[in-house]
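Visitor: Please take me through one part of this model in close detail. I would like to hear about its open space and what surrounds that space.

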Amino acid sequence: GNVHIKTANAGNDGVSGSMLLSTGTAKNGTTGNISIATGPSLNGSSGSIEIAIGLSSVGDGGSVHIKSGSSSSDASNGGNLDLEAGSGTDSRNGAGGNVTIKA
């Protein structure tokens, strides 16, 4: 089935609501992970994940910010940021996906 999570429309003069998906904090342990994934498909195409900013007809367009974790510990490293296109496993017709970055 489908699951839809949406804030209310703002109307003519308001601001539509914000959404926050967050794990809790940890003092001595590790905080939780957030995973967003589509399920696999045996005989069809797997689903896509889209992150998109809505059109602004008057003001500036919204931004997308992706940042890996930082560390303030002397012996620890910051988190990695990996972008990886999917591979194609059919040796006759399959090809790996592209990574495209546009300004």
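**Pockets and a nonpolar patch**

Guide: This is a predicted model. The second largest pocket holds about 240 Å³ of space. Its lining is made up of Ile5, Lys6, Thr7, Ala8, Asn9, Ser16, Gly17, Ser18 and Met19. By class, that lining has three nonpolar, five polar and one charged residues.

Now the largest pocket. Its volume is about 460 Å³. The lining includes Ser48, Ile49, Glu50, Ile51, Ala52 and Ile53. Ser63, Val64, His65 and Ile66 line the largest pocket too, as does Ile36. Here the classes divide into seven nonpolar, three polar and one charged.

Next, the surface. Leu21, Ile34, Ile36, Ile49, Ile51, Ile53, Val64, Ile66 and Leu81 make a nonpolar patch of about 970 Å². Ile53 belongs to this patch and also lines the largest pocket. How exposed is Ile53? Its relative accessible area is 43%, so Ile53 counts as partly exposed. Patch residues need over 30%, and Ile53 has 43%.

Methods: Residues are numbered from 1 along each chain as its sequence is written. This is a predicted model: local features need pLDDT of at least 70, side-chain atom pairs count only at pLDDT 80 or more; totals for chains, interfaces and linings use all residues. Side-chain values use heavy atoms; hydrogens and water are left out. Patches are made of residues with over 30% relative accessible area and no salt bridge: like charges are joined within 9 Å, nonpolar side chains (Val, Leu, Ile, Met, Phe, Trp, Tyr) within 5 Å. Accessible areas come from the Shrake-Rupley method with a 1.4 Å probe; for residues, only the protein chains shown count as cover. A salt bridge is a side-chain nitrogen of Lys or Arg within 4 Å of a carboxyl oxygen of Asp or Glu. Buried means under 20% relative accessible area, exposed over 50%, partly exposed in between (1.4 Å probe, protein chains only). On a 1 Å grid over the protein atoms alone, a cavity is a set of points where a 1.4 Å probe fits but cannot get out, and a pocket is an open set with protein on both sides within 12 Å along at least five of seven lines; lining residues have an atom within 4 Å of a point. Grid points are joined across faces, edges and corners, and a volume is the space filled by probe spheres set on the points. Ala, Val, Leu, Ile, Met, Phe, Trp, Tyr, Cys and Pro count as nonpolar, Asp, Glu, Lys and Arg as charged, and the others, Gly among them, as polar.
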